[in-house]
Amino acid sequence: MAKVALHWKILIGMLLGLIFGYLMLQINGGGEFIKNWINPLGIIFINLLKLIAIPLILASLIKGISDLKDISKFRNIGVRTMLIFIVTTIIAITIGLVSVNIFNPGLGISPETIEKLTSTYANDSGVTAKIAEASAQQNTAPLQFLVDMVPDNIFTALSNNKLMLQVIFFTVFLGISLLLIGEEKARPLKNIFDSLNDAILKMVDLIMKSAPIAVFALLANVVVSSGDPDLLYALLKYAGVVVFGLFLMMIFYCLVLYFSTRINPFWFLKKMIPAHVLAFSTSSSAATLPVTMKIVEEDLGVDQEVSSFVLPVGATVNMDGTSLYQGVAAVFIAQALGFPLEFSDQIMIVLTALLASIGSAAVPGAGMVMLVIVLESIGFPADKLAIGLALIFAVDRPLDMCRTIINVTGDAMVSIVVAKSVHKIDFNKTKRI
């Protein structure tokens with residue numbers, strides 16, 4: 001009997017999780033059973049992936065930089081990566097704004113629905129917490145994001161996945177220092193990180209063996225905690241515009257990949273299925289990072305010298321799916337609540353969403369915090385922020401799952417394009433047209 005590929009097992013687990021969750025909703029107490037006895041399996045899986053995310057960044061990035069031998073090569077990779085990230089983010093926000101202005105989903109929301117959404121979610125702890133967090137970020141100095149990138153204690157940074165930029169800063173600093181002290185002096189420490197990298201990759205293999213069961217648990221829990229179906233249906237047009245924009249962004253990635261590398265886009269998407277399913281299940285680029293790195297290096301042929309820098313940085317600063325959602329959500333809320341938007345306001349949305357995406361935590365729900373910052377940048381009334389977030393809160397989690405797929409795909413696409421530009425990709429592993 002032929003061995004079933006892992007990505008098919010994960011897809012089967014995903015499908016069974018959705019079906020099981022729906023069936024348990026029909027049983028009295030079924031939702032509580034899933035939350036108490038099934039969902040913990042998914043949470044353990046996510047924790048395992050987060051557990052190895054920072055050690056993987058530390059080991060692979062130091063190995064990648066130290067293998068370059070020449071600091072100018074790292075500079076080329078870094079500059080090209082950041083430029084492409086900025087361009088793709090601007091394109092994503094633009095696609096979102098164009099889509100929402102064409103379909104105008106906010107104009108179809110009735111006052112009754114707005115009132116019901118407001119009464120249900122405006123005082124929700126999740127909404128108020130995100131407004132408070134966004135306000136704290138806005139009250140910082142203009143260059144505070146640069147200050148926040150530099151850790152004063154690396155062990156504190158290593159103990160918090162939200163401080164991934166600080167870990168990357170320290171790791172790049174250490175990797176460059178290893179290059180500068182010479183190969184002879186750097187070899188003992190480099191050997192330690194090389195060995196650590198191999199061990200972490202083996203941990204990824206072991207963790208992924210439980211992925212089908214974990215995905216089953218995570219998706220079943222999503223179904224039973226999805227909220228009021230009537231409210232979900234009321235926001236269907238808004239959700240449809242977001243998903244349509246994300247679909248266009250996926251097409252954009254495939255076109256860039258094809259015209260820049262001649263890699264078959266359908267083959268690329270097939271190889272990315274395990275990362276896509278995990279991104280969808282966990283809503284976290286950070287949790288998906290170990291799997292994304294494994295696929296990009298082993299299946300897509302990208303040299304570790306490139307992937308070890310592009311992917312960790314991308315998981316933190318490249319939020320194309322989330323940025324696209326900012327544009328759609330901001331205009332939708334303005335339309336629904338009768339807040340007029342000028343062309344200059346929409347330009348401000350582009351700029352603010354771009355800046356807000358840099359350093360945003362690669363964890364579930366970070367997009368809502370970014371959205372508050374975007375809304376405040378266009379002068380949206382502070383007393384209506386809770387109402388605005390309440391309008392989209394019901395469908396935020398499923399949309400977060402969808403946009404995380406785009407975030408992860410964008411990181412992988414950029415790593416391939418950068419690797420090709422610096423001749424660090426093995427095309428013998430790829431399927432080209």
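How far apart are Arg187 and Glu184 in helix α9? They are three residues apart, so about one helical turn separates them. This is a predicted model in which local features need pLDDT of at least 70 and side-chain atom pairs pLDDT 80 or more, while totals for chains, interfaces and linings use all residues. Residues are numbered from 1 along each chain as its sequence is written, and side-chain values use heavy atoms, without hydrogens and water.

**View 1. Arg187 and Glu184 form a salt bridge.** The closest N and O atoms are 3.7 Å apart (a salt bridge is a side-chain nitrogen of Lys or Arg within 4 Å of a carboxyl oxygen of Asp or Glu). Glu184 is exposed at 62% relative accessibility, and Arg187 is partly exposed at 36% (buried is under 20% relative accessible area, exposed over 50%, partly exposed in between, with a 1.4 Å probe and protein chains only).

**View 2. A salt bridge joins Lys63 and Asp194.** The N to O distance is 3.8 Å. Lys63 lies in helix α2 (residues 30-68) and Asp194 in helix α9 (residues 183-208), 131 residues apart (helices are DSSP runs of H or I, at least four residues, numbered from the N terminus). Lys63 is buried at 18%, as is Asp194 at 15%.

**View 3. Glu298 pairs with Lys294 in a salt bridge.** Their closest N and O atoms are 3.1 Å apart. Both residues belong to helix α15 (residues 285-298), four residues apart. Glu298 is partly exposed at 41% relative accessible area, whereas Lys294 is buried at 18%.

Definitions and conventions
Helices (H or I, at least four residues) and strands (E, at least two) are DSSP runs, numbered from the N terminus.
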